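This report goes through one structure by topic, beginning with a single contact and widening from there. The sequence and the coordinates come next.

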Amino acid sequence: MAKYITNSLEEGETIVLNGRLHWTAIAGYLISAWILAIAAVAAMIWIWMENRTDLLWIGGALLVVAFLIYVIGGVIRTRSEFAVTTSRFIQKDGIFSIAMTEIPLFKVETVNFYQSLFQRILGTGCIELVGSGGTCHRIHSIENPMEVRKTIVRIINKSAEIEQ
C-alpha cells in the first residue's frame, strides 16, 4: 500500500497516517455481486430441476459475472488510498489512470467531520478539508474518520506552534 504516496514524499517528509476506504464505499458492488450470485444459483437449480442440463452454462456464466463484480469492487477499494504526512494530505485514486490530490496542511484552515448515526455504527464517515481561499476537498466513506481528523488537526497545530 501507498507505493505512489511513498514515491511522492519530499525530502524529510514522513507518513504519519495511512488511510483507506471503508468497505461501505464499495457496498453497491458487494450487494450486486451477491444478488447476481443468488440469482445464478437459483437459475441453476431451476434448470437442473427442469432436466435442461444443457443450459447449466447460463448459471455458471452468471456466477462468473458475479465474481468479477466482487473482484472489481475489491480492487477499487485497495487501489484508493490516502495518507497524512508531516506536511501534506495526499489522496491517490485509480487503477489504470491515477489521480493524486495533494493539500499542504499549512493551507488547511478547517477540518470538518461528518458522520451519520448509521456511519457511526459501521465505523465510517467523511472529513472535509477547507483550505485558504475557500477550496474544499471531501473524502467520503473512510475508515476511522475521527482518527484521521485528529491527526490532521494535531499536525496543523504543531506547525502553528513551531512558526510562533
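## The Arg88 side chain

The side chains of Arg88 and Glu13 are joined by a polar contact of 2.7 Å. The model is predicted, and every distance below is taken from it. The Arg88 side chain also reaches a backbone atom, the oxygen of Ser8, at 2.8 Å.

Arg88 belongs to strand β3. With a relative accessible area of 9%, Arg88 falls under the 20% limit and is therefore buried. Apart from neighbours within four places in sequence, the residues in contact with Arg88 are Ser8, Leu9, Glu10, Glu13, Ala83, Glu102, Ile103, Pro104 and Leu105.

## Salt bridges

The structure contains five salt bridges. One of them is formed by the side chains of Arg88 and Glu13, at 2.7 Å from N to O. This pair links distant parts of the chain: Arg88 is in strand β3, Glu13 is in the loop between α1 (3-7) and β1 (15-20), and the two are 75 residues apart. Glu13 is buried, at a relative accessible area of 8%, and Arg88 is buried as well, at 9%.

Arg88 has a salt bridge with Glu102 too, in which the closest N and O atoms are 2.5 Å apart. Because Glu102 lies in strand β4 and Arg88 in strand β3, the pair ties together parts that are 14 residues apart in sequence. Glu102 is partly exposed, with a relative accessible area of 40%. Through shared partners, the salt bridges join Glu13, Arg88 and Glu102 into one network.

A further salt bridge is made by the side chains of Arg20 and Glu143, at 3.6 Å from N to O.

Strand β3 covers residues 88-93, and five of its six residues are buried, so the strand is largely enclosed by the rest of the structure.

Phe82 has Gln91 of β3 as its bridge partner. Phe89 stands opposite Ile103, a residue of β4. In a regular strand, side chains alternate between the two faces of the sheet.

The one from β2 to β3 passes through two residues. The hairpin of β3 and β4 has five residues between the strands, and Gly94 in its turn has a positive phi of about 115°.

## The nonpolar surface patch

A nonpolar patch lies on the surface, made of Tyr29, Trp34, Ile38, Val64, Phe67, Leu68, Tyr70, Val71, Ile72, Val75, Ile95 and Phe96. Together these residues have about 1,200 Å² of accessible area.

Where does the patch come from in terms of helices? At least two of its residues are supplied by each of α2 (27-49) and α3 (56-78). The largest contribution is that of α3, with seven residues. Tyr29, one of the patch residues, is located in helix α2. Its relative accessible area is 33%, which means that Tyr29 counts as partly exposed.

## The loop between α2 and α3

Asp54 is placed in the loop between α2 and α3. Is Asp54 buried or exposed? At a relative accessible area of 51%, Asp54 is over the 50% limit and therefore exposed.

The C-alpha atom of Asp54 is separated by 57 Å from that of Leu9, and the two residues are 45 positions apart along the chain. Leu9 is also among the residues in contact with Arg88.

Notes. Residues are numbered from 1 along each chain as its sequence is written. This is a predicted model: local features need pLDDT of at least 70, side-chain atom pairs count only at pLDDT 80 or more; totals for chains, interfaces and linings use all residues. Side-chain values use heavy atoms; hydrogens and water are left out. Patches are made of residues with over 30% relative accessible area and no salt bridge: like charges are joined within 9 Å, nonpolar side chains (Val, Leu, Ile, Met, Phe, Trp, Tyr) within 5 Å. Accessible areas come from the Shrake-Rupley method with a 1.4 Å probe; for residues, only the protein chains shown count as cover. A salt bridge is a side-chain nitrogen of Lys or Arg within 4 Å of a carboxyl oxygen of Asp or Glu. Helices (H or I, at least four residues) and strands (E, at least two) are DSSP runs, numbered from the N terminus. Buried means under 20% relative accessible area, exposed over 50%, partly exposed in between (1.4 Å probe, protein chains only). Two strands pair if DSSP finds at least two bridges between them. A polar contact is a pair of N or O atoms within 3.5 Å; within protein, one must be able to donate a hydrogen and the other to accept it, and residues adjacent in sequence count only if both atoms are side-chain atoms. Contact means heavy atoms within 4.5 Å.
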